[in-house]
Amino acid sequence: MANLVLVLLLPGLFLIINIISLPPLPARAISSCNGPCKSLDDCTGQLICIEGKCNDDPDQVGNNICKGSPPPKDNKCQPSGTKNCNGKSFSQFKCSPPVTSSTRALLTNNDFSEGGDGGGASSCDESFHENSERVVALSTGWFDGGSRCGKMIKITASNGRSVEAKVVDECDSVNGCDAEHAGQPPCKNNIVDGSDAVWNDLGLNIDDGVVPVTWSMA
């Protein structure tokens, strides 16, 4: 950093003015893979902010900037259409990514009790469930026409904690925006929609809304 010196000669007065140049203001920090973030604007390129770190968007097929490896070759799940809800467009899916021993998913929260935000009764047993029960709904592809109804899945959070929960409903990835779905748009194709008990037993904050997890059949 250089200083600028001005010399002024005035009658009977000799002044030396030392002007210190100030450094430019730092630009907004942009984080790359695993860098700290508080919002989407803090992450470079197509990365998104997940739990305070910049990472790949799990909803974007082929987006593996941070992982450094291509997606599974058998992952050919593509949108089957578009659903328009309240002036917004939502992709519809009849499929989900393939199930593995550690299937990446997004955990959301659902109230399975009567009058809750889940809409009608659970499709597997036509019953409502208390928030104290460890129950989940799976995206349409994973729900697989009800073949996983009543089965237990193991969900693991990034903090290392795991929990087993029972599949009782479908998180519809095709239909939505009606009374049956409590006005909600179609689910994404990689959703595990868990009850309060699931979130609490995993040690997660329900207010976070969406948290990346992995799951497998128990």
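**Exercise 1. Classify Trp215 as buried or exposed, and characterise the aromatic pair in the structure.**

Solution. Trp215 has a relative accessible area of 1% and is buried, where buried means under 20% relative accessible area, exposed over 50%, and partly exposed in between (1.4 Å probe, protein chains only). The model is predicted: local features need pLDDT of at least 70, side-chain atom pairs count only at pLDDT 80 or more, and totals for chains, interfaces and linings use all residues. Residues are numbered from 1 along each chain as its sequence is written, and side-chain values use heavy atoms, with hydrogens and water left out.

Step 1: find the partner. The structure holds one aromatic pair; rings of Phe, Tyr and Trp (its six-membered ring) pair if their centres lie within 6.5 Å.

Step 2: assign the geometry. Planes under 30 degrees apart count as stacked, over 60 as edge-to-face and the rest as tilted. The ring centres of Trp142 and Trp215 are 5.2 Å apart and the planes stand at 70°, so this pair is edge-to-face.

Step 3: Trp142 belongs to helix H1 and Trp215 to strand E12, 73 residues apart. Helices (H or I, at least four residues) and strands (E, at least two) are DSSP runs, numbered from the N terminus.

**Exercise 2. State how many helices and strands the protein has, and in what order they run.**

Solution. Step 1: count. There are two helices and twelve strands.

Step 1: order. Read from the N terminus, the elements are β-β-β-β-β-β-β-β-α-β-β-β-α-β.

Step 2: Of the 218 residues, 33% count as buried. The accessible surface is about 12700 Å², with 52% of it belonging to carbon and sulfur atoms; areas come from the Shrake-Rupley method with a 1.4 Å probe, and for residues only the protein chains shown count as cover.

Step 3: Where contacting residues are at least 6 apart in sequence, 54% of the contacts join residues at least 24 apart; contact means heavy atoms within 4.5 Å.

**Exercise 3. Determine how strand E8 is enclosed and which strands pair with it.**

Solution. Step 1: burial. E8 spans residues 135-139, and five of its five residues are buried, so the strand is largely enclosed by the rest of the structure.

Step 1: pairing. Two strands pair if DSSP finds at least two bridges between them. E8 pairs with strand E10 (residues 162-171) in the parallel sense over five bridges, and with strand E11 (residues 191-194) in the antiparallel sense over three bridges.

Step 2: Ala137 stands opposite Asp169 in E10 and opposite Asp193 in E11.

Step 3: core. A nonpolar core is a set of buried Ala, Val, Leu, Ile, Met, Phe, Trp, Tyr and Cys residues joined through side-chain atoms within 4.5 Å. The largest has 20 residues, of which Val136, Leu138, Ile155 and Val192 touch the most other members. Elements that give two or more residues to this core include E8, H1 and E12. A second, separate core has eight residues, among them Leu106, Phe112, Val168 and Cys187.

Step 4: one member in detail. Beyond neighbours within four places in sequence, the contacts of Val136 include Ile155, Val167 and Val192.

**Exercise 4. List the disulfides with their handedness and the parts they tie together.**

Solution. Step 1: count. A disulfide is taken as a pair of cysteine sulfur atoms within 2.5 Å, and the count is three.

Step 1: Cys77 and Cys95. Their sulfur atoms are 2.1 Å apart, and the link is right-handed, with 95° about the S-S bond. Cys77 lies in the loop between strands E4 and E5 and Cys95 in the loop between strands E6 and E7, so the pair ties together parts 18 residues apart in sequence. Cys77 is buried at 5%, whereas Cys95 is partly exposed at 24%.

Step 2: Cys124 and Cys149. The sulfur atoms are 2.0 Å apart. The torsion is about -80°, so this disulfide is left-handed. Cys124 lies in the loop between E7 and E8 and Cys149 in the loop between H1 and E9, so parts 25 residues apart in sequence are tied together. Cys124 is partly exposed at 25%, and Cys149 is partly exposed at 28%.

Step 3: Cys171 and Cys187. The sulfur atoms are 1.8 Å apart. A torsion of about -65° applies here, so the disulfide is left-handed. Cys171 is buried at 6%, and Cys187 counts as buried at 18%.
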